[in-house]
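Q: I would like to learn how to read a fold feature by feature. Can you take me through one case?

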Amino acid sequence: MPFGGSLALAFQDRHVAVARALVLASAYAGWGGSLSADVAEARLRQALVLADLSPDEFVDALLPTMFSPATSVDTVAAFRLSMLEFHPVGFRALARAAAEHLRYVLPRVCVPTLLVYGEQDVRAPLSVARDLEAAIDGARLVVLPRVGHLCNLEASDEFNGAVRTFLRDTVT
């Protein structure tokens, strides 16, 4: 889910005893915790500008960065429809949450953690994935080949298989 990783990390930090495992897909330690300060700030500025566009302009600006070129037309079309429903106020709030600096949380994660990333993700590249893997003790990284940012939609069978295997192997 877009922005879900930052929210999951913040929740994990505040409610340590709740989760027995953590699955982060195409996630960041917040933009501020995974990207340079200037890139994180530019992403936030861009998101706030995008929130003021018409729904079609908003979608046209972001959709090309979400999937690999090989994604089915039906998958892209369905996600496009969901993006058209984004509300500017909600998107601004999500963008501000995504901009947070959550790097301090990573070494405090003490539950089994699965990281799932698309090999061709241009929004959360593999360098971010490998950084999180190194910072979270015992994290397991699964890279889905020929897949973009929304790996759970683009390669749902592979994504679900990785999550099921992880949960079966780690959570009793």
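The dialogue below goes through the sheet, its helices and some single residues.

Q: What kind of model is this, and how are residues numbered?
A: This is a predicted model: local features need pLDDT of at least 70, side-chain atom pairs count only at pLDDT 80 or more, and totals for chains, interfaces and linings use all residues. Residues are numbered from 1 along each chain as its sequence is written, and side-chain values use heavy atoms, with hydrogens and water left out.

Q: In what order do the strands of the sheet come?
A: Strands of a sheet pair through backbone hydrogen bonds, either parallel or antiparallel. Here 3 strands form an open sheet, ordered β1-β2-β3, with parallel pairing. Helices (H or I, at least four residues) and strands (E, at least two) are DSSP runs, numbered from the N terminus. Two strands pair if DSSP finds at least two bridges between them. The edge strands are β1 and β3, each pairing on one side only. From one strand to the next, the twist averages 15°.

Q: How many bridges join β1 to β2, and how many join β2 and β3?
A: Strand β1 (residues 22-25) is joined to β2 by 4 bridges. Ala25 stands opposite Val116 in β2. On the other pairing, β2 and β3 (residues 140-144) share 5 bridges. There, Leu115 has Leu141 as its bridge partner in β3.

Q: Are the faces of β2 covered or open?
A: In a regular strand the side chains alternate between the two faces of the sheet. Both faces of β2 are covered. Thr113, Leu115 and Tyr117 are buried on one side, and Leu114, Val116 and Gly118 are buried on the other. In strand β2 (residues 113-118), 6 of 6 residues are buried. Buried means under 20% relative accessible area, exposed over 50%, partly exposed in between (1.4 Å probe, protein chains only).

Q: What is the hand of the unit made by β2, α7 and β3?
A: A crossover is right-handed if, with the strands pointing away from the viewer, the path from the first strand over the helix to the second runs clockwise. β2, helix α7 (residues 126-135) and β3 make a right-handed β-α-β unit.

Q: Which residues of α6 are buried?
A: An α-helix has 3.6 residues a turn, so residues three or four places apart point the same way. In helix α6 (residues 88-98), the buried residues are Phe91, Ala95 and Ala98. They are on the same side of α6 because they cover an arc of only 60° around the axis (taken from the directions from the helix axis to the C-beta atoms). Their cover includes α1 (4-14), α2 (31-34), α3 (37-50) and α4 (55-62).

Q: Is Gln12 buried or exposed, and what does Gln12 touch?
A: Gln12, in helix α1, is buried, with a relative accessible area of 3%. Leaving out residues up to four places away in sequence, Gln12 touches Ala19, Leu22, Val109, Cys110 and Val111.

Q: Where is Pro107 found?
A: Pro107 is in the loop between α6 and β2. Pro107 is exposed, at 60% relative accessible area.

Key:
Contact = heavy atoms within 4.5 Å. Axes fitted to C-alpha atoms, helices over the stretch in contact; angles between N-to-C directions.
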